Amino acid sequence: MNLKDFLEKVPLYKWENINGIVYIEPNYAIGAFFDQKEGLPALSLYCNKCEDRTTFNEIENKRFFDRFKSKDHFIINIIKQLEYECKGCSSIKQQYFIIVQLNYNGVELKLKIMKIGQYPELQILNETEIIKLLDKKDFEIYRKGFRCESSSFGIGAYAYYRQLVEDKIDYILDEIYKSGDSDIKKLAEKARLEKNTTKKIEIIKDKIPEKLKSGGQNTLGLLHDSLSIGLHNWTDEECLTKAEKIRTALVLLLKNIREEKEDEREIAKVFGDLANSDKK
Ligand SMILES: [Zn+2]
């Protein structure tokens, strides 16, 4: 993962490995963490004042040390405060607190990084797009799920996203019904009668129409894989991975359905226009 993605997308309290940003002096004293010549990467974030996604540039980069050292092993935690500002309005700021941990056991050097604070909170990715895909009630569920995900509360995020799939599954089945052949229609009807969401998906998942796939990926199959586990005995971390998959697959699926409908409307309009021009 790179630093830009880490700052833009990763929730709090989740360790990540970041490639290619560290410089360590030969004696293993701390060198210039993040203090690369070219500065920190610019971020693409939503600005409340510009009411658009804009470029944010680094304006502050401070660090505080905390080290532990023994004869053959040392761990160093460096706390960094990063401040970003919107390039468009030069007034809206984004703050991060992160820990960079350097762990050296005499043989191997490991580096990982974690966000411990962020203000304002992590934004819903592509919020304007998501709003178009969900009604008000479902968007609230999505927002709660995303808030849990942002704080690494995996079990909570998983439960909210699962509820969202339960809310949307009949709508998805109806759309599959409309766009599928007679075999698919039969399966969609059968699935509609089933009460359990996972079983509904199980019935139809291998028959999803090509046009509702994303880059050849069967999003319904992905949803099924992530939903067909119980919450029992799963850790927050395990649920977080599943929750992220559910969110991604569901959004892709709803987006494809929406695009499909828009195409149909456009085609209907073109044919409508042609029919009208024939009449003249
Ligand atoms: Zn701005």
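## Chatting through a predicted model

Analyst: Let's start with a pair of helices: the axes of α5 (residues 182–193) and α6 (residues 197–204) cross at roughly 170° and come within 8 Å. Keep in mind that this is a predicted model.

User: Why do you give an angle and a distance for packed helices?

Analyst: Because two packed helices are described by the angle between their axes and the distance between those axes.

User: OK! Are α5 and α6 roughly parallel or roughly antiparallel?

Analyst: They are roughly antiparallel to each other, because an angle over 145 degrees counts that way.

User: Which residues meet there?

Analyst: From α5, Leu187, Ala188, Lys190 and Ala191 meet Lys200, Ile203 and Ile204 of α6. By class, that contact has five nonpolar residues, two charged ones and no polar ones.

User: Nice. Let me zoom out: how many helices and strands does the chain have?

Analyst: There are eight helices and five strands. Along the sequence, the pattern reads α-β-β-β-β-β-α-α-α-α-α-α-α.

User: And how much of the chain is buried?

Analyst: Of its 280 residues, 24% count as buried. As for contacts with a separation of 6 or more, 56% of them are between residues 24 or more positions apart.

User: Switching to strands. How do β3 and β4 pair?

Analyst: β3 (residues 74–86) and β4 (residues 93–104) pair in the antiparallel sense, over 12 bridges. One example is Lys80, whose bridge partner in β4 is Ile98.

User: What about β4 and β5?

Analyst: β4 and β5 (residues 109–119) run antiparallel and are joined by 10 bridges. Gln95, for instance, has Tyr119 in β5 as its bridge partner. These strands form a hairpin too, with four residues between them, and Gly106 in the turn has a positive phi of about 95°.

User: You mentioned Tyr119. What joins Tyr119 and Pro120?

Analyst: A cis peptide bond, with omega about -5°. Pro120 lies in the loop between β5 and α2 (127–133).

User: New topic: how many residues does α3 have, and how far does it reach?

Analyst: Helix α3 (residues 136–150) has 15 residues and reaches 21 Å from its first C-alpha to its last, close to the 21 Å expected. Its buried residues are Tyr142, Gly145, Phe146, Cys148, Glu149 and Ser150.

User: Why does Ser150 count as buried?

Analyst: Because Ser150 has 21 C-beta neighbours inside 10 Å, and 20 or more makes a residue buried.

User: What is Ser150 in contact with?

Analyst: Leaving aside neighbours within four places in sequence, Ser150 is in contact with Pro11, Leu12, Glu121 and Leu122. Also, the C-alpha atoms of Ser150 and Gln123 are separated by 8.7 Å, with the two residues 27 apart along the chain.

Methods:
Residues numbered from 1 in each chain as written. Predicted model: local features only at pLDDT ≥ 70, side-chain atom pairs only at ≥ 80, totals over all residues. Helix = DSSP H or I, 4+ residues; strand = E, 2+ residues; numbered from the N terminus. Expected span 1.5 Å × (residues − 1). Buried ≥ 20, exposed ≤ 12 C-beta atoms within 10 Å, placed from the backbone. Contact = placed C-beta atoms within 7 Å. Axes fitted to C-alpha atoms, helices over the stretch in contact; angles between N-to-C directions. Parallel < 35°, antiparallel > 145°, perpendicular 65-115°, else oblique. Nonpolar A, V, L, I, M, F, W, Y, C, P; charged D, E, K, R; others polar. Pairing = 2+ DSSP bridges.
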